[in-house]
Amino acid sequence: MLIRAFGLADFEACQRLWAEADGLGSVPREEIELKVERDPELFLVAEDAGQVVGVVMGSYDGRRGWIFRLAVAADRRREGIGQALVDEVEGRMAAMGVPQVNLLVLKSNTGGHAFWEAAGYPGYEGVYLHSKRLDGTPMPTDGAPPIAETSC
């Protein structure tokens with residue numbers, strides 16, 4: 001297995017992995033293109049036999065590192081692919097001097113919570129996500145996760 005930087009040719013494969021993993025919907029191509037321009041070294045895919053089998057989107061805002069949208073193909077889970085992607089993005093962040101990494105997990109994603117706890121990321125009960133769209137698009141008010149709309 002090879003872990004490498006995401007390329008725009010990986011877009012469709014990553015969209016499928018994200019949809020399969022969390023059902024939150026796709027990430028608009030325009031957002032992906034901007035992400036690739038900003039810090040491509042933290043947007044990684046795992047490839048095996050020419051197929052994208054995992055993806056993670058890391059980001060560094062100058063103060064904290066963030067991990068978004070980790071996904072592994074359903075038939076390849078529990079093979080260490082997710083952990084390998086996390087290890088790689090953490091290593092790259094550490095080399096950049098990132099002091100802390102944060103991430104968001106939906107409350108209902110019990111498997112995700114277990115994965116991140118095992119990876120050394122404790123959860124904090126009572127932490128809330130507040131979001132606002134700057135393009136004027138209304139945020140959901142029905143309790144739906146805003147990340148489905150904003151593609152975090």
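Tutor: Let's start with a definition: two strands pair if DSSP finds at least two bridges between them. Helices (H or I, at least four residues) and strands (E, at least two) are DSSP runs, numbered from the N terminus. This is a predicted model, where local features need pLDDT of at least 70, side-chain atom pairs count only at pLDDT 80 or more, and totals for chains, interfaces and linings use all residues. Residues are numbered from 1 along each chain as its sequence is written, and side-chain values use heavy atoms, with hydrogens and water left out.

Student: What makes strand E2 (residues 43-48) and E3 a pair?

Tutor: DSSP finds six bridges between E2 and E3, in the antiparallel sense, and the definition asks for at least two. Phe43, for instance, has Met57 of E3 as its bridge partner.

Student: How do you know that E3 and strand E4 (residues 65-72) pair?

Tutor: Six bridges again, also antiparallel. Met57 has Phe68 of E4 as its bridge partner.

Student: Why is strand E3 (residues 51-60) called largely enclosed?

Tutor: Nine of its ten residues are buried, so the rest of the structure largely encloses E3. Buried means under 20% relative accessible area, exposed over 50%, partly exposed in between (1.4 Å probe, protein chains only).

Student: Is Asp10 called buried or exposed, and why?

Tutor: Its relative accessible area is 8%, so Asp10 is buried. Asp10 lies in the loop between strand E1 (2-5) and helix H1 (11-22).

Student: What makes the link between the side chains of Asp10 and Arg4 a polar contact?

Tutor: They come to 2.8 Å. A polar contact is a pair of N or O atoms within 3.5 Å; within protein, one must be able to donate a hydrogen and the other to accept it, and residues adjacent in sequence count only if both atoms are side-chain atoms.
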